[in-house]
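User: Please go through this model with me, one question at a time.

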Amino acid sequence: MIDLYAWKSANGRRPIIILEETNTPYNLISIDPHGGANKEPEYLKLSPGGKVPCIVDPDGPDGEPIHLMESAAILEYIAGKTKQFLGTSIQNKWEVKQWLFYLATNVSVSFSNLNHARDLEKQCRVLLEAINSHLSKNEYFAGDYSIADMMAIGRFGAFGFDFIDLDEYPNLVRWIDVMVARPPVKKSIELPIN
Ligand SMILES: N[C@@H](CCC(=O)N[C@@H](CS)C(=O)NCC(=O)O)C(=O)O
């Protein structure tokens with residue numbers, strides 16, 4: 001069974017969504033990065049960047065064990081293993097991947113920074129405008145519900161922002177409402193992780 005090392009953070013909850021959506025059994029192992037557990041030598045063998053989350057799959061490619069860090073990579077790995085949520089055509093597959101990377105890099109990084117530096121607010125608002133505009137023409141990020149949506153809801157689902165009122169972005173709010181109505185997404189937000 002897959003071991004998921006996670007914390008109650010935006011990054012930590014994304015793998016829960018894909019594991020639940022694909023009915024993949026997993027053990028949830030709580031790891032609090034604030035206590036330094038993510039820098040212990042045993043954990044660094046699994047997540048060499050010392051970041052939370054990570055997974056260990058004893059039944060990886062060719063039956064060999066695999067460990068993976070980075071929530072986007074974990075989403076892609078479980079999607080690939082279960083052959084779901086990766087896009088419905090080659091064209092759409094790349095559309096999903098494009099949004100996955102945009103969300104993993106620009107959006108995730110900027111919003112994390114906003115927690116620390118007030119002057120990044122403008123940058124986050126630019127990203128929100130782009131996302132709000134995209135979601136005015138698209139139900140989900142890339143065609144059908146996909147791992148790109150799971151990537152995004154990890155950031156926007158349960159976390160308020162001190163400096164930005166998301167109600168200013170009605171298409172994003174519409175998409176958030178659709179997403180949190182999905183039981184696996186709701187579970188990823190509400191599951192207690194201590
Ligand atoms: N890009 C990574 C970010 C992971 C990340 O920054 N995790 C935080 C917890 S939410 C962490 O491990 N922080 C502790 C540290 O950086 O030492 C991902 O998407 O998984």
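User: What share of the 194 residues in the chain is buried?
Analyst: The model is predicted: local features need pLDDT of at least 70, side-chain atom pairs count only at pLDDT 80 or more, and totals for chains, interfaces and linings use all residues. Residues are numbered from 1 along each chain as its sequence is written. A residue is buried if 20 or more other C-beta atoms, placed from the backbone, lie within 10 Å of its own, exposed if 12 or fewer, and partly exposed in between. By that count, the buried share of the chain's 194 residues is 34%.

User: What is the order of the elements from the N terminus on?
Analyst: Elements are DSSP runs numbered from the N terminus, helices being H or I of at least four residues and strands E of at least two. The chain has eight helices and four strands. From the N terminus on, their order is β-α-β-α-β-β-α-α-α-α-α-α.

User: What is the radius of gyration of the chain?
Analyst: The radius is taken over C-alpha atoms, and the globule rule is 2.2 Å times the number of residues to the power 0.38. For 194 residues the rule gives 16 Å, and the chain is close to that, so it is as compact as a globular protein of that length; its radius of gyration is 16 Å.

User: Which helix gives the most to the side of domain 1 that touches domain 2?
Analyst: The bounds, from an automatic or database domain assignment, are 2-84 + 185-190 for domain 1 and 90-182 for domain 2. With contact meaning C-beta atoms, placed from the backbone, within 7 Å, 14 residues from domain 1 and 14 residues from domain 2 take part. H1, H3 and H8 each supply at least two residues of the domain 1 side. The helix that gives the most, with six residues, is H1.

User: Which residues of helix H7 are buried, and where do they lie?
Analyst: In H7 (residues 170-180), the buried residues are Leu172, Trp175 and Met179. Judged by the directions from the helix axis to the C-beta atoms, these residues fall within an arc of 65°, so they line one face of the helix. On the other side, Pro170 and Asp177 are exposed. Among what covers the buried residues of H7 are helices H5 (121-137), H6 (147-156) and H8 (183-190).

User: Which residues come nearest to the ligand?
Analyst: Helix H1 (10-21) and helix H3 (71-82) each supply at least two residues of the shell. A residue counts as near if its C-beta atom, placed from the backbone, lies within 6 Å. Of the 14 residues around the ligand, the nearest are Ser9, Pro33, Lys51, Val52 and Ser71.

Notes:
Contact = placed C-beta atoms within 7 Å.
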